[in-house]
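I opened the model to look up a few loop positions, the packing and the overall dimensions. My entries follow in the order in which I made them.

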Amino acid sequence: NSIWVSTDHDEIEKVAKQFGAQVHRRSPEVSQDSSTSLEAIREFLNHHPEVDIVGNIQATSPCLHPSDLIKVADLIQKEGFDSVFSVVRRHQFRWSEVKKGENKTTEPQNLNPAKRYRRQDWPGELYENGSFYFAKRHLIEKGYLQGGKMAYYEMRAEHSVDIDIDIDWPIAEQRVLSFGYFGKEPLKEVKLLVCSIDGCLTNGRIYVTEDQKEMVSYDYRDIVGIDLLKKRGIQVRFISERDCSKTLSAMQLGCVAKVSATNKLQVLEDWQKDMGLSWKEVAYLGNEESDVECLKKAGMSGVPADACTVAQKAAGYICKSNGGCGAVREFAEHIFLLLEKVNSARKQ
């Protein structure tokens with residue numbers, strides 16, 4: 001009936017509310033490194049007597065789909081179970097552990113070595129995958145997430161992604177690309193990247209020679225990133241509040257640019273309409289307060305690591321690289337990741 005995020009962190013609260021969730025501010029007592037999910041849930045229930053069923057979704061299982069949650073809710077609300085938890089079927093043979101120094105031999109736990117069968121012919125075993133735990137209020141108040149009339153919900157193996165340690169991250173990212181849930185609305189390919197010149201393509205510094213000629217520096221990695229974007233069919237355009245046409249000419253980027261732009265948002269809207277694009281097909285890389293409205297409007301937005309604070313707050317992605325030091329290439333890689341997601345969603 002309602003979706004809540006339990007947190008003691010201001011930024012997490014802000015993001016949760018942006019996505020339509022309600023927020024329960026955790027007390028310091030249940031916000032320790034050693035605090036359990038159950039402690040946080042029990043505190044939440046103390047403040048919400050109207051709640052009789054809690055579905056605890058684990059953030060470390062990023063391949064969960066809404067269809068699974070709907071079926072689980074039905075098991076409790078319509079079929080009378082007190083608690084339901086997620087499992088996955090594994091086909092792994094287990095052996096007893098022999099600790100170092102013990103004069104023992106290992107023993108089979110779930111197989112007969114004399115009649116060993118192929119794992120694909122074996123039905124396997126059910127293991128908790130940590131994705132979610134649903135329970136009625138009276139169980140949680142007693143200190144249980146599992147109990148009473150219990151049922152498990154078997155998730156598909158490809159959706160059973162659990163992040164426990166650092167090395168799980170790259171595997172999880174690839175699994176999410178292939179099997180994650182991307183929402184009801186189809187993802188859109190980015191077809192236009194608009195990049196602010198000063199502070200993104202360059203580091204924002206202007207060098208002046210003795211004869212009063214201006215010079216700027218740029219990172220060749222960014223030029224490679226621009227070329228890769230163009231090869232993928234993505235138009236790249238540049239924008240600047242100052243007249244830097246000579247600089248662009250010297251770079252020989254071969255991209256449309258608007259300099260001396262007093263209203264960056266108006267320029268961006270004109271380009272978007274002229275190309276017949278939805279905002280989800282537009283990406284924007286900016287770094288200054290004058291870029292904020294463009295960052296908010298674009299379907300994909302980013303800033304270099306050294307962008308001003310207000311621009312960072314408006315952006316969906318903050319690069320690890322500074323402006324003029326590979327930020328454009330890094331943001332290009334971020335766009336390519338979205339394209340992979342689009343292709344994966346289409347295959348599904």
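**Loop position Met-275**

I began with Met-275, which lies in the loop between α9 and β12. Helices (H or I, at least four residues) and strands (E, at least two) are DSSP runs numbered from the N terminus. I noted that the model is predicted, that local features need pLDDT of at least 70 and side-chain atom pairs count only at pLDDT 80 or more, while totals for chains, interfaces and linings use all residues. Residues are numbered from 1 along each chain as its sequence is written, and side-chain values use heavy atoms, with hydrogens and water left out.

Not counting residues up to four places away in sequence, Met-275 touches Lys-191, Leu-192, Gln-235 and Arg-237, where contact means heavy atoms within 4.5 Å. I also looked up the C-alpha separation of Met-275 and Lys-191: 9.3 Å in space, for 84 residues in sequence.

**Loop position Ser-260**

Ser-260 is in the loop between β11 (256–258) and α9 (264–274). Its phi is positive, about 55 degrees, although Ser-260 is not a glycine. With a relative accessible area of 39%, Ser-260 is partly exposed.

**Loop position Gly-324**

I found Gly-324 in the loop between β14 (317–318) and α12 (327–347). Gly-324 counts as buried because its relative accessibility is 11%. Its contacts, leaving aside neighbours within four places in sequence, are Cys-200, Leu-201, Thr-202, Asn-203, Tyr-218, Asp-219 and Asp-222.

**Nonpolar cores**

A nonpolar core is a set of buried Ala, Val, Leu, Ile, Met, Phe, Trp, Tyr and Cys residues joined through side-chain atoms within 4.5 Å. The largest one has 30 residues, and those touching the most other members are Leu-193, Ile-226, Leu-229, Phe-238, Leu-253, Phe-331 and Ile-335. Two or more residues each come from β7 (192–196), α6 (197–201), α7 (220–231), β10 (235–239), α8 (245–251), β12 (282–285) and α12. Helix α12 gives the largest share of this core, 9 residues. I listed the contacts of Phe-238 beyond four places in sequence; among them are Cys-195, Ile-226, Leu-253 and Trp-271. Apart from this core lies another, of 19 residues, including Leu-192, Val-194, Leu-295 and Ala-315.

**Helix α2**

In α2 (residues 37–47) I found Leu-38, Ala-40, Ile-41, Glu-43, Phe-44 and Leu-45 buried. Their cover includes β1 (4–7), β2 (22–25), β3 (53–57) and α4 (137–141).

**Whole chain**

How many helices and strands are there in the protein chain? I read off 12 helices and 14 strands. The C-alpha trace spans about 85 × 55 × 45 Å along its principal axes. The radius of gyration is 27 Å, whereas a compact globule of 348 residues would have one near 20 Å; the value is taken over C-alpha atoms, and the globule rule is 2.2 Å times the number of residues to the power 0.38. Buried residues make up 40% of the 348 residues. Of the contacts between residues at least 6 apart in sequence, 59% join residues at least 24 apart.

How values were computed
Buried means under 20% relative accessible area, exposed over 50%, partly exposed in between (1.4 Å probe, protein chains only).
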